[in-house]
Structures are given as C-alpha cells and as structure tokens.
Amino acid sequence: MTIIDKILSQKEFHDRPPVLLDIGASGEMYRFWKKIAKYAVCIAFDADDRELSYTVKDNAGYKKLFLYNCIVTNGENKQQTFYLTSSPYCSSTLPPFEEKLNVWAFADLFSLNKKVELNSNNIPSVLKELNIDYIDWFKTDSQGTDLRLFESIQQELKDKILAADFEPGIIDAYKGEDKLFALVDYMKDKPYWMNDLFIKGSQRINLSFVGNKISNKTQRNIQYLIKHSPNWGEVSFLNTFENFDTFSKRDVLLGIVFSMILKQYGFALELAIKGNAKFDDPIFQMIEKHCISKINFNLIRYSKFILLKVLRKYFNVH
C-alpha cells in the first residue's frame with residue numbers, strides 16, 4: 001500500500017471522498033488523477049459527443065463518475081450555441097477567430113464545420129443537483145472560457161478548492177476568450193500559488209499563403225521544421241492554505257496528497273508539519289518522513305549527476 005493509499009483510506013474520506021471536476025473531458029483520464037481515481041468522485045463534462053465515448057471508457061476507474069453531455073457555462077441558459085470545428089478538441093462555445101488564426105500552422109484544426117444548439121448547465125446548478133457542496137480539484141480545458149467558469153463558483157467553495165488547472169490562450173484563437181494574462185492577474189489576489197506552467201504552441205506560418213512554395217510533405221511535417229511560438233498555456237495552481245485554521249484535517253491530508261502527486265514535496269512537508277501540530281495524528285509524522293526521504297533521494301540523484309558531470313569534464317569518463 002502506497003502512502004497515498006494509506007492517506008485516502010483514513011476515515012475522513014469515507015463520507016467526503018475527493019471531488020474532481022473535469023470540464024472538457026475528452027480523451028483519457030487526467031494523468032494526475034490515476035493514483036487517486038478509485039477513491040474519488042469525478043464530475044465530468046464534454047459537449048462534443050464525437051469524443052464522448054472515449055471519456056466514458058477511459059474514466060471507468062473512479063469510485064463514482066457523473067458524466068454530463070452538456071456545455072458548461074457561467075450563465076443560466078439551458079441552451080447554448082456550440083461551434084464544432086475540424087478538430088473536436090478545438091470546439092468551443094466561442095467562435096474561432098479565423099482571421100487571426102490563419103497565420104498559424106494549426107489553423108485548419110479550428111476550421112468551423114457547423115454551429116449547433118446544445119444543452120447547457122452551470123457548475124453551481126450541477127453541484128446542487130448532485131447534493132455535493134465542495135470541489136477539491138478543478139480542471140478545465142474549455143477552449144476559451146476557463147476563467148469565467150472558475151469565477152462562477154461560489155466564493156466560499158472556491159477558496160477551499162485545493163488544486164486548479166487551466167489551459168488559457170495567449171494568442172487570439174477564439175473571439176472574446178479568457179487569456180493567460182487575465183487568469184494570472186485574477187489568481188494573484190486569491191489564496192493560490194502557481195505550481196506549474198507549460199507554454200504550448202504552433203508554428204508561425206500561413207500555409208494558405210505560402211503553401212504553393214513548399215512541398216506537401218514539408219507542409220505535413222511543418223511542426224518539426226519550424227520553431228514553436230507560444231499560443232496557449234497549461235497552468236496549475238495549489239491552494240496556499242494561508243488561513244490554515246479554517247481547513248479540516250481531511251483538507252490538509254488531501255492537500256498533501258495533491259502536492260505529492262505534483263512532486264511538490266517541500267509544500268507537502270510544510271503541510272505535514274502544520275497538520276501534526278494542529279491535529280496530533282501519527283499519520284502526519286509518517287508523511288513528514290516520506291517527504292524528507294523523497295527530498296533526500298533527489299539529493300542523491302543530484303549529487304550523482306554533478307559527480308558524473310565533473311568526471312566527464314576533467315577525466316573524459318562516459
């Protein structure tokens with residue numbers, strides 16, 4: 001039994017299992033949730049039914065899965081226009097900004113196939129319907145509306161979310177979309193710190209303009225031939241636990257689990273020390289030892305790396 005299994009087997013999680021909210025759930029299970037899925041309740045949304053079957057198949061490992069085939073919005077409308085694009089992963093409630101996209105190599109992915117009217121719902125209504133009054137990990141890839149969906153959650157619930165992952169845009173991919181800079185500006189005043197940021201992108205080449213100058217083979221492999229430029233980001237936040245006394249033992253333990261999953265052993269150790277002082281439970285001492293061992297193991301790996309680097313430089317050892 002791993003330490004994560006030991007933590008999530010505690011009585012604190014029997015009646016309040018981890019709640020994971022996944023907006024834009026196409027594809028396989030979110031990689032960070034695989035270690036905790038069997039203990040967790042997942043609320044998943046995907047409006048594009050061309051990929052819905054894969055979501056159902058890949059997310060079968062949860063303790064309980066609520067899968068909604070509807071659009072998530074920040075309003076009260078029961079129906080919403082949805083823009084279906086060539087790639088289902090680019091479909092959105094926002095129209096693609098085709099005039100701005102055509103200078104990028106991946107522009108064809110955003111080509112508009114058709115507009116449809118789909119059922120829609122909002123996060124507060126879904127939580128009320130399911131009689132769930134908390135979210136532990138919020139993850140969204142809504143193609144342009146990540147921030148407004150996060151803002152739609154009640155403040156007292158939102159401040160207790162322990163982890164939040166977004167995929168905001170940098171360039172103009174959708175008309176009226178929430179951008180990375182707006183998300184970062186919003187979160188700087190909230191009880192969160194940025195755990196990670198991966199910048200993703202495409203190549204700045206207008207294939208419809210220069211396509212006749214390069215071969216079809218070159219066009220098909222253009223992503224390997226031209227430098228990527230920043231187009232969007234994958235950004236992750238963890239709760240700071242700055243008002244520590246307002247968090248329950250269950251919340252602190254789960255915050256530690258999330259931190260360890262994300263390899264933030266320094267923060268997990270900090271929470272374990274604070275948790276031990278407040279709750280006086282031996283499990284926090286066990287967590288402390290585990291985090292310290294992980295950090296020390298990384299020290300050994302780092303020392304070996306430095307030693308090998310010196311040997312290669314001065315003694316030509318390979």
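**Exercise 1. Find the angle at which helices H11 and H12 pack, and decide how they run relative to each other.**

Solution. The structure is a predicted model, in which local features need pLDDT of at least 70 and side-chain atom pairs count only at pLDDT 80 or more, while totals for chains, interfaces and linings use all residues. Residues are numbered from 1 along each chain as its sequence is written, and side-chain values use heavy atoms, with hydrogens and water left out.

Step 1. Helices here are DSSP runs of H or I with at least four residues, and strands are E runs of at least two, numbered from the N terminus.

Step 2. H11 (residues 249–261) and H12 pack at about 160°, and their axes are 8 Å apart. The axes are lines fitted to C-alpha atoms over the stretch in contact, and angles run from 0 to 180 degrees between N-to-C directions.

Step 3. Angles over 145 degrees count as roughly antiparallel, under 35 as roughly parallel, 65 to 115 as roughly perpendicular and the rest as oblique. H11 and H12 are therefore roughly antiparallel.

Step 4. Contact means heavy atoms within 4.5 Å. Residues making this contact include Val252, Gly255 and Ile256 of H11, and Ala268, Leu271 and Gly275 of H12.

**Exercise 2. Check what span helix H12 should have at 1.5 Å a residue.**

Solution. Step 1. The expected span is 1.5 Å times one less than the number of residues.

Step 1. Just after H12, aspartate 280 takes a positive phi of about 50°.

**Exercise 3. State how many residues of H11 are buried.**

Solution. Step 1. Buried means under 20% relative accessible area, exposed over 50%, and partly exposed in between, with a 1.4 Å probe and protein chains only.

Step 1. In H11, 13 of the 13 residues are buried, so the helix is largely enclosed by the rest of the structure.

Step 2. In H12, the buried residues include Tyr265, Phe267 and Leu269. For the chain, buried residues make up 49% of the 318 residues.
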